[in-house]
Amino acid sequence: MTTFQDIFKSSFLENIAGVSLLDMFLALTLAFGLGVFIFLVYKKTFTGVMYSSSFGVTLIALTMITTLVILAVTSNVVLSLGMVGALSIVRFRTAIKEPLDIAFLFWSIAAGIVLAAGLIPLAVFGSAAIGIILLVFVNRKSSCDPYIVVLQCDGRESEEAAFGFLERQVRRCAVKSKTVQPGSVELNMEVRLKDGRTDFVNALAGMPGVRSAVLVSYNGDYMG
């Protein structure tokens, strides 16, 4: 009969056969394949300002590392307890700027855990479903996406004329901020386009008293 003390008896040589070579090869190979798939979906759906190739490689490595850790934990009780204690002191200081990046990080970790647990169909089909959903919704283009118009005018009259023209050309227009200086007025306005057309910016910039008109994409992180 196995006692409580026997469970925690362990030696280095006894742990060598804890996970077979075939299991290790299959698990790490599948983890690499899923990691590459997650990396390709991330590259295809990236909408940030600066693309980081190192983050994409991190997704591949994170999937394989998680698989490696879970394989070790499931093969030895003592190692699982030590792993919990070791990981509890790990702190990550890198800031995640894009909210979608968090989803990719959790996706990589979850894929590694499920794969190492032996639930291969769940890991493969689940990752495929997540990838398809992200490709469909993240890459979906819509004329209702918000934009910011930065408008510089000479004074009040040109401001009112430009603002009235802009309201007629877009579906929705809302002032986010206004800066007034002697002889200069700057407006930051959130707009929703009609049918994705942007040619109104050319006409807006050519109006009397308008110094410049700039249309930029708006990601919702407006600071005003």
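Mentor: Let us begin with a term: a residue counts as buried when its relative accessible area is under 20%, as exposed when that area is over 50%, and as partly exposed in between. In this predicted model, 27% of the 224 residues of the protein count as buried.

Trainee: How many helices and strands are there, and in what order do the elements run?

Mentor: The protein has 8 helices and 4 strands, and from the N terminus on its elements run α-α-α-α-α-α-β-α-β-β-α-β. Among contacts between residues at least 6 apart in sequence, 72% join residues at least 24 apart.

Trainee: What makes Thr-63 buried or exposed?

Mentor: The relative accessibility of Thr-63 is 0%, and the limit for a buried residue is under 20%, so Thr-63 counts as buried. Thr-63 lies in helix 3, which covers residues 53-75, and, leaving aside residues up to four places away in sequence, Thr-63 touches Ala-31, Gly-35, Ile-38, Ser-108, Ala-111 and Gly-112.

Trainee: Why is Gln-169 called partly exposed?

Mentor: Its relative accessible area is 31%, a value between the 20% and 50% limits, and therefore Gln-169 is partly exposed. Gln-169 is found in helix 7, and, not counting residues up to four places away in sequence, Gln-169 touches Lys-194 and Phe-200. Gln-169 and Asp-199 are 30 residues apart along the chain, with 9.6 Å separating their C-alpha atoms.

Trainee: How do you know whether helix 5 is roughly parallel or antiparallel to helix 6?

Mentor: Helix 5 (residues 99-116) and helix 6 (residues 120-138) pack at an angle of about 165°, with their axes 9 Å apart. Angles over 145 degrees count as roughly antiparallel, so helix 5 is roughly antiparallel to helix 6. The crossing of these two helices is left-handed.

Trainee: Which kinds of residue make up the contact of helix 5 with helix 6?

Mentor: The residues of that contact divide into 12 nonpolar, 2 polar and no charged. Among them are Leu-100, Phe-104 and Trp-107 of helix 5, together with Ile-130, Gly-131 and Leu-134 of helix 6.

Trainee: Why is helix 2 described as roughly parallel to helix 6?

Mentor: Helix 2 (residues 21-45) and helix 6 pack at an angle of about 5°, with their axes 10 Å apart. Angles under 35 degrees count as roughly parallel, and therefore helix 2 is called roughly parallel to helix 6. The contact includes Leu-30, Phe-37 and Lys-44 of helix 2, as well as Val-124, Ala-128 and Leu-135 of helix 6, and its residues divide into 11 nonpolar, 3 polar and 1 charged.

Trainee: Which residues have the most contacts inside the largest nonpolar core?

Mentor: That core has 19 residues, and those with the most contacts inside it are Leu-151, Leu-166, Met-189, Val-191, Phe-200 and Leu-204. Two or more residues each are given to this core by strand 1 (146-153), helix 7 (156-169), strand 3 (184-192), helix 8 (200-205) and strand 4 (210-217), and the largest share, 4 residues, comes from strand 3. Not counting residues up to four places away in sequence, the neighbours that Val-191 touches include Tyr-147, Val-149, Leu-166 and Leu-215. A second, separate core has 13 residues, including Ile-38, Tyr-42, Ala-123 and Leu-134.

Definitions and conventions. Residues numbered from 1 in each chain as written. Predicted model: local features only at pLDDT ≥ 70, side-chain atom pairs only at ≥ 80, totals over all residues. Heavy atoms only, no water. Axes fitted to C-alpha atoms, helices over the stretch in contact; angles between N-to-C directions. Parallel < 35°, antiparallel > 145°, perpendicular 65-115°, else oblique. Left-handed = near helix turned anticlockwise from the far one by under 90°. Contact = heavy atoms within 4.5 Å. Nonpolar A, V, L, I, M, F, W, Y, C, P; charged D, E, K, R; others polar. Core = buried A, V, L, I, M, F, W, Y, C linked by side-chain atoms within 4.5 Å. Buried < 20%, exposed > 50% of the residue type's maximum accessible area, 1.4 Å probe, protein only.
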